[in-house]
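Let's take a friendly walk through this model together.

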Amino acid sequence: MTLRSSRTDINIRPYRELHTDIKGEAIFPRTIPPIHHKIAKLNLQVTDLAPKKRILTGDRPTGPLHLGHYVGSVANRVRLQHEYDTFIIIADVQALTTNFDRPERLAEDVRNVALDNLAAGLDPNLVTIFIQSYIPEIAELTIYFSMFVSVNALRHNPTIKTEAKAYGYSDLTYGFLGYPVSQAADITFCRAHLVPVGADQVPHVEQTRKIVRRFNELYGEVFPEPEALVSPVGRLVGLDGDAKMSKSLGNCIYLAEPPESVAQKVRVAVTDPARIRRYDLGHPEVCIIHDYQKAFNPGFVEELEPACRSAEIGCVDCKKRLIAALEELLAPMRERRAQYEKPGVLDEILRDGTARAKREAEATLALVRQAMKIDYWERWG
Ligand code: TRP
C-alpha cells in the first residue's frame, strides 16, 4: 500500500492554517491536505525533473451525471488520473449563468456531482476536486481575459448558440454570453495542458486556446496552450433515439441510478424500427442499443452484429446483455459512492481540493500580474 491510497480509508487528519492579508491580519482558516505534502516530499526527485502535465476538466452542477457524461469525459478522467496531475472543477458559477434565479438546488447538486466523480473512480488522493466559486482568482482572470475577447466571437460560438436556443434566450445575459471566457479561466488558472471533454465543449477549448495565444503574445509566455481530448465514442444518443442524452429530455441513465430502474429504461428503449417481430432482420447501424453496446460492451459487438442482421439474436436478449454490462460498470460505482457518502468524508475532500486549487490560483495570478505589469508592490518596492 502506498501513502496515496490511505485517504480513501477515511482517515483524514487535516490541519488548519491561518491566512493573513496584506497587513498581517487573519482572513479565514483554510484546510491544507497533509498527504499531498508528504507525497510531494517523497517524490521530490521525480517531480522536480519531470513535473506531471496537468488536466483540468469538470462539470456544471445542474443535476446528476449520466452515462453520456461518463463516455464523453468522466471515463477519460479516470483513465488518465495516474498520468496527469488532475484538477476537477465543480463549476457552480457557470451553473448560475442559467440558474441564477433558482440557487436553492446548487448546494445539493454540488455534492452530487462531486460524489458522481468519486463514485466513477476518481481517487481523491490523486486528483484535486474543487469548487469554482471559492477560487476568486478565476473570476479575476476572467476579467483580465475579457479585455481582449471580442463579443462577436462569443456570439458566434456554436455551443453558446445551441444552448441559447435550447433555453429560449433571445437577449443573452452578460454572464451567459461570457461563460466561455470564464471557462478559459477555469482551464488556465492551474496552467492545464489537457482538457477531456464531450464534443459539445470543443468550441470552448478552442476559445481558450485563442485566449492563451493572445495573452502570451500580449504579455509574455504564462500559459501552456491546452488541448481538448474528445472520447472516440462520440456523443451518446438518448434512449428515445432522437436526441443526445440530456437530463431535460428525460432520456438518460444516471451513474447513481438503481439497478431495476436501469434495466427498465433499457427494456423500453427504442431499437431498430424495422424490427417489429422477433424474426425480422436487424439493422445495427440504426439501432441505439447497438451504439450502447459499442460504448459499454465492446467485446460483444463483433458477435452481435451478424447475429442481429440474421435475427439469430432478438432485441430482448441483446438488451439483457447490455443491462448486464451496465451493471458491471455501475455496481462498483454504487459501492464507492456509499463510502464517500459517510458523514464528513466528502466535505474533507472538497475542502482539501479547494485549498490546493486556491494555492495554484494564487501562484498563477502572481505570474499574471507580473506579466501584465500590474504587480505594483513589487515594482515600487
Ligand atoms: N461547460 C462544461 C459543461 O457544461 C463544464 C465546465 C466548466 C468545464 N468549466 C470547465 C469543462 C472547464 C472543461 C473545462 O459540461
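Two residues are in contact here if their C-beta atoms, placed from the backbone, lie within 7 Å. Helices are DSSP runs of H or I with at least four residues, strands are runs of E with at least two, and both are numbered from the N terminus. This is a predicted model, where local features need pLDDT of at least 70, side-chain atom pairs count only at pLDDT 80 or more, and totals for chains, interfaces and linings use all residues. Residues are numbered from 1 along each chain as its sequence is written.

With that in hand, let's start with a helix pair. Ile 138, Leu 141, Thr 142, Phe 145 and Ser 146 of helix 6 meet Val 181, Ser 182, Ala 184, Ala 185, Asp 186 and Thr 188 of helix 10. The residue classes of this contact are as follows.

| Class in the contact of helix 6 with helix 10 | Residues |
|---|---|
| nonpolar (Ala, Val, Leu, Ile, Met, Phe, Trp, Tyr, Cys and Pro) | six residues |
| polar (the others, Gly among them) | four residues |

Helix 6 (residues 136-146) packs against helix 10 at an angle of about 125°, and their axes are 8 Å apart. Helix 6 is therefore oblique to helix 10; angles under 35 degrees count as roughly parallel, over 145 as roughly antiparallel, 65 to 115 as roughly perpendicular and the rest as oblique. The axes are lines fitted to C-alpha atoms over the stretch in contact, with angles from 0 to 180 degrees between N-to-C directions.

How many residues of helix 10 are buried? In helix 10 (residues 179-188), 10 of the 10 residues are buried, so this helix is largely enclosed by the rest of the structure. A residue is buried with 20 or more other C-beta atoms within 10 Å of its own, exposed with 12 or fewer, and partly exposed in between. Among the buried residues of helix 10 are Tyr 179, Pro 180 and Gln 183.

Elsewhere, Lys 319 sits in helix 15 (residues 315-340). Lys 319 is partly exposed because 19 other C-beta atoms lie within 10 Å. Leaving out residues up to four places away in sequence, Lys 319 touches Val 266, Arg 267 and Ile 289.

Finally, the whole chain. The protein chain has 17 helices and seven strands, and 34% of its 381 residues count as buried. Its mean pLDDT (the predictor's confidence in each residue, from 0 to 100) is 88, and 85% of its residues reach 70 or more. Over residues 1-48, the pLDDT is below 50. Where pLDDT is low, the predicted coordinates should not be read in detail.
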